[in-house]
Amino acid sequence: MAPQSMFDGIKVIDFSHFVAGPHCTKMLAEHGADVIKIEPLNGDPARLLPMHKDGRSAFYVQHNLGKKSMSLDLTKPAAQKICHDLIKDADVVVENFSPGVMKRFNMDWASLKAINPNLVMCSISCFGQDGPLASLPGYDYIGQSYAGILDMNGEPDRAPVFADLTFGDVSSGTHAYAAIVAALFHRFRGGEGQHLDLCLQEILFSYHEMNVQLYDASAGAYTPKRAGATHGVAAPAGIFRCGERYLFVLALGAQWDKLAKTMGREDMLSDPRFADLAARRENKEAVNQAVQTWLDAIVDPDEALAILQDARIPSAPILSVPEVMEHPHTRARNMVRTVVDPVWGPLKIPRTPLRFSTFPDIPEQTAGFLGEHNHEILSDVLGYSAENIAVLEAEGVINSKQV
Amino acid sequence: MTRKHVLDGVKVLDFSHFVAGPHCTRLMAEAGAEVIKVEAQIGDAARHLPIIKEGRSGYFIQHNRGKKNLCLDLRTTEGQEICHELIKTVDVVIENFTPGVMKKFNMDWDAVSKINPDVIMCSISCLGQEGPLAKLPGFDYIGQAYSGILGMTGEADGYPALSGMAFGDISTGAHAYGAIVTALYHKAMGGGGQFLDIALLDCLFSYHEMNVQVYDASGGAQVPQRSGHQHAFVAPLGLFKCQEDYLIIVAIGAQWNNLIKLLGREDWADDPRFANPLVRNENRDEISAEIERWLSTVSDVTEAVRILVQENHVPAAPILSVPDVMAHPHMQQRGIVQTVKDRIFGEVKIPGAPLRYSQYPERLELQAPFLGEHNEEILREQLGYSPEKISALQASGVLSEKNV
């Protein structure tokens, strides 16, 4: 019988907070896994991030759809026992504390492996589980700094800039998701459970699709450096001004011939300074200036874009986030997903970008209130009595809040 | 059964080129999958990207280790027949042509699923398989422009800035890998084959962990705009100058209290203007001025980071260049910089694949193939072609090979 969802029956115990871990377990939940999120008594700190309505964080909603919420004081043995009991019967554990914290809670890999040898445990951290930087506090941008990413953003003679979005966190969540599923596949084919050690720094460092090799293979002759609005080694490639807009234009290989003709600059095609990729790289200021001059003469960015795209020269307008959300293509592909939250009502978030023909629709899901499922999980999953649960509440091992 | 890695025995037919697709199949090859990369006679365009040594591209090596290579003319019936026969034998087909191109080669999902209903086909594209923009030529930065990423990068009053790396391509490759292993798992559970439509645009747009929701939930009052050195919505989160260098400070949670203590501004703890990260952002110039005043009293950026992080538990980091990162002891100890040894190029450093499995802690030794290197082997061993038939295909130009 074909399964009802991609991860029908897969059980995940999720100790993660903020973005990287929650994004991973959100994807698991969206593809059919049962996810129980364990939060401290005062909740995942993401519950404090904007926007808020009646104490409810839309930021939290975005990253925690489809999970049940249990709030526990993990420093207490009774809470650790609850976790151990849940993990005995689970397939996956995800956590993104600083390395060492799970050990303090008696839930490091050595402890959990003893409880459940078939478990797949994924630790996501900023710097990995070992090494000199491992215990530093980590955030996306800290990882970006140590991966040489921030240094590559901005004008060469000015301070670096950063992108106002956490592509490190979100895409690390996706890497973790992929590693977990690969480990589940391996287990299904007879392999054992295992521990996955993923970190933002290393994932971000892998985004240097060129720089590392270029620096090493040129023996340091080429040192990667931020190059502002234009590309460091290719031309024409970069962001140009046209009227009131910025446009991205790129023309490598045969596209360069088309662009030169489109700009009425056939003369450049016979000029040895622009003969091939390497020559155009050497003279990139002149190449980029030719593009800018042409755009200045056109003035209207819509017209320029139409000319470029009709000639199949890679080009795009630089859009703001609101413009992206309203774009006909975005709408046609349903890239903006509207979820209905019990507090917020309809709320727009980016759709998770994996598209499966067998399961084209993402299920309707909400994010749990803090501790919303404490009673349900304790009584239905672990068979605790009402008295037992009342004692845990009185002792402050569990609590719940409508946030 | 002993396996060499988690995807040991999984067979992949790979029509991809440049970065996004090849990165996906690199991750698969590094996890033990058997990947056959199919290239046209002119070869993957990535073979022409620097650094080139004796005709061999270091760029190509980075993204194509561990794959076998079949070089054939996909426009010919014979070339397509060979691919159709291989599709019968594989678990996964991957491609990243512009939408429509696989159909021209008689290998769109319709055709592929008829040949092998159990196969998983993953199409990676810049803008997706349908929609008004689908057929535009796509590159990483095109996806970044249409997803609102470039618009969010740079100084508010200046040009947007390009990141000097293809994070869209690489991370989309990782998304595709995640989707493929999901579909493999589902297939193993009895779910059959399926088609995966993975787009750079979708992946890049999902990186707005805050912007989409904030814009929507504020009813448009909070409009995401690039803000250069400081975060658009929360403070303090941004880049600061210390002597001649830069560092980043992130103190939006409980660390805020540690930071104001260090700055000698405990009075801000009860000040409503600094009550939470969102209102602090409205008063961030005042905060930045205090931080910069403090930084001017510190000898250098290393010392500033030490005081912030070690003594005060305020998250901070120096802005490192790529060479700084490569030389960093942490990278060395974790083996994040991987040295691979190519048969022509010799040793070259690349970023190691970032997925670490406790059952397979060692990386597999892998080589990047020459163009058409495994033509004969694949046709003979996997499809049972005779030497005569192979020679005929070579003579008619359906097959070709080159040591690059």
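A: Let's start with one residue: Leu247(A) stands opposite Pro317(A) in strand E11 of chain A. This is a predicted model, in which local features need a pLDDT of at least 70, side-chain atom pairs count only at pLDDT 80 or more, and totals for chains, interfaces and linings use all residues. Residues are numbered from 1 along each chain as its sequence is written, while chains are lettered from A and ligands numbered from 1 in the order in which they are written.

Strand E10 of chain A covers residues 245-250, and E10(A) pairs with E11(A) in the antiparallel sense over three bridges. Strands (E, at least two residues) and helices (H or I, at least four residues) are DSSP runs, numbered from the N terminus, and two strands pair if DSSP finds at least two bridges between them.

These strands belong to an open sheet of three strands in chain A, with the order E9-E10-E11 and antiparallel pairing. Its edge strands are E9 (237-242) and E11 (315-317) of chain A, each pairing on one side only. On average, neighbouring strands of this sheet are turned by 25 degrees against each other, direction ignored.

H13 of chain A (residues 284-298) lies across E9 and E10 of chain A and runs at about 25 degrees to E9(A). For such angles, axes are lines fitted to C-alpha atoms, for helices over the stretch in contact, and angles run from 0 to 180 degrees between N-to-C directions. Contact here has a cut-off: the C-beta atoms of two residues, placed from the backbone, lie within 7 Å.

Where does this sit in the chain? The domain assignment, which is automatic or comes from a database, gives chain A domain 1 (11-206 + 334-394) and domain 2 (237-319). The C-alpha centres of domain 1 and domain 2 of chain A lie 44 Å apart.

Finally, look at the partner chain. In all, 131 residues of chain B are in contact with 126 residues of chain A. Helix H7 of chain B (residues 167-191) gives the largest share of the side of chain B that touches chain A, 19 residues.

How confident is the predictor? Chain B averages a pLDDT (the predictor's confidence in each residue, from 0 to 100) of 94, and 100% of its residues score at least 70. The model scores ipTM 0.93 and pTM 0.94.
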